[in-house]
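Thanks, everyone. Let me put the model up, and then I'll walk through it in a few minutes.

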Amino acid sequence: REMAVQLLAAKWVVPGEGEGKVLEDHTVVVKGDTIVEVIPTADCAAKYPGVAATFSGPRSVLLPGMVNCHTHSPMTLLRGLADDLKLMPWLTEHIWPAEGAFVSPEFVRDGTEIAIAEMVKGGTTCFNDMYFFPDEVAKATHAAGMRARIGIICIGFPSAYCGAPDKSMDENIQAYLDKGCSIKDRDFGGYPLLDVTVAPHAPYTCGQAGMATAAALAKKLNVPFHIHLHETCGECTDWEGGTPFMPGHKKRPVATLAELGLIDERLVAVHMTQLTEDEIKLLADKKAHVVHCPESNMKLASGACPVKKLLDAGVNVAIGTDGCASNNDLDMYSEMRSAAFLSKHTAADPEAVPAHKALYMATMGGAKALQLDKHIGSLEAGKQADIQAVSMDELEAMPMYNVISHLVYCTHRSQVTDVWVAGKPLVSAKKLTMMDESALKVKALAWGAKIKLHQDNATAAK
């Protein structure tokens, strides 16, 4: 059966390839799940006679969908649970205990559904996830029609998902990896828009041997190696000098990874707020990828990723929101703007990370990091039709002199009106087409009531 052609017409099309390219009065032609061409709208009638425009935006911009290159999607259910705290007390005294009490297949499935609804309504079409019960994350993502890389997570201690308290860190790591591989083999053949990464949580929760074991699996599967790295100064000094719970390694985490041969084109290093010039050169030489999470880093006062230095050295930089417990949203428009502003502030240079680079980081930068740049990240013939439409018809979006700077510096996610993933409409006129938003609200409030009661009881018991 001949696949139907969709004509998506807009006043402006930002294809996402080339520095700051903007096409006026163009149409993105989609056949099935693929972009066929991007042509002047005036040529459509002759080339596609009798085919009406599926979408027509006389004051809209069509651009590639955002790639949220690092998140923990089920943590929508912990949004705002513990704020204004340093990273380790935040994790050890609040987040990990709450996860210990509540994380289950149902928690993960519901939290992921809420995250996907939030992300897709805000123009995100692909995300890179790291969390427990990846099988549930995958089920929810597939059902919603979203694209994702889902982490085969590993961590050195037990959780409701995997591991045992009487096992060593290395034994637990192996158990997590084995379980993730069995899920991949069992389920992922039926998920055409999903693939995996290997996702060790961090050096301090996986150890040197655990990271090496995880990286060997990433190499075997030829998938990204997704890890939190150099998130804080304390992480680096503790790894180097040791703590009462961990012997010192006499080198920084990046140097340990380099010694193990783990800095390569598969590495997707998240945060990277603490970097020396030599470390930046190493990342560039080895073609590693860095994910900048500016809002989480600012909120936790973790430091600032030296984005300008990384870009100048030739390192591919992507953008991620991190999880809702440390952001507290999954808004890639806000994140992209923060990435540009924080990079300028950090470099003390207003020319650092101009708008077109920030937009590239939020789209193609993420696609490259996830080994998906041949399929998504720009609106080009042969690529998947992962597209968002943004309305510039609001008063606060007028006048507009430069489309790309407008997208980065003054567009809000609420201006996203329509979203397609693999040619399928997931948002139409600001309404979800594949998900029941009312039902998701009921789930979110029910989990909130349950978790708040638990927190209140825990506080009263102290």
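Helices (H or I, at least four residues) and strands (E, at least two) are DSSP runs, numbered from the N terminus. This is a predicted model, where local features need pLDDT of at least 70, side-chain atom pairs count only at pLDDT 80 or more, and totals for chains, interfaces and linings use all residues. Residues are numbered from 1 along each chain as its sequence is written, and side-chain values use heavy atoms, with hydrogens and water left out.

Let's start with backbone geometry. Most residues other than glycine have a negative phi, and most peptide bonds are trans. K430 has a positive phi, near 70 degrees, and K430 is not a glycine. Where is K430 found? Look at the loop between strand 15 (424–428) and strand 16 (431–432). For accessibility, buried means under 20% relative accessible area, exposed means over 50%, and partly exposed is in between (1.4 Å probe, protein chains only). K430 has a relative accessible area of 39%, so it is partly exposed.

Next, H230. Its phi is also positive, about 50 degrees, and H230 is not a glycine. It sits in the loop between strand 9 (225–229) and helix 7 (233–241). Is H230 buried or exposed? It counts as buried, because its relative accessibility is 0%.

Now the cis peptide bonds. One joins N327 and N328, with omega about 20 degrees. N328 is in the loop between strand 12 (316–319) and helix 12. Another cis bond runs from M398 to P399, with omega near -15 degrees. P399 lies in the loop between strand 13 (387–391) and helix 14 (403–409).

On to the sheet. Two strands pair if DSSP finds at least two bridges between them.

Strands 15 and 16 run antiparallel and are joined by two bridges. There, V427 stands opposite L432 of strand 16.

Now strand 1, residues 5–13. Seven of its nine residues are buried, so the strand is mostly covered. With strand 2 (residues 23–31), strand 1 runs antiparallel, over eight bridges. L8 faces V28 of strand 2. With strand 4 (residues 55–64), the pairing is parallel, over five bridges. There the bridge partner of W12 is V61 in strand 4.

Last, a helix pair. Two packed helices are described by the angle between their axes and the distance between the axes. Axes are lines fitted to C-alpha atoms, for helices over the stretch in contact, and angles run from 0 to 180 degrees between N-to-C directions. Helix 12 (residues 332–347) packs against helix 13 (residues 355–369) at about 135 degrees, with axes 9 Å apart. That makes helix 12 oblique to helix 13. Here, under 35 degrees is roughly parallel, over 145 roughly antiparallel, 65 to 115 roughly perpendicular, and the rest oblique.

Which residues meet? From helix 12, M332, M336, A339 and A340; from helix 13, A358, L359, M361 and A362. Contact means heavy atoms within 4.5 Å. By class, the contact of helix 12 with helix 13 has eight nonpolar, no polar and no charged residues. Ala, Val, Leu, Ile, Met, Phe, Trp, Tyr, Cys and Pro count as nonpolar; Asp, Glu, Lys and Arg as charged; the others, Gly among them, as polar.
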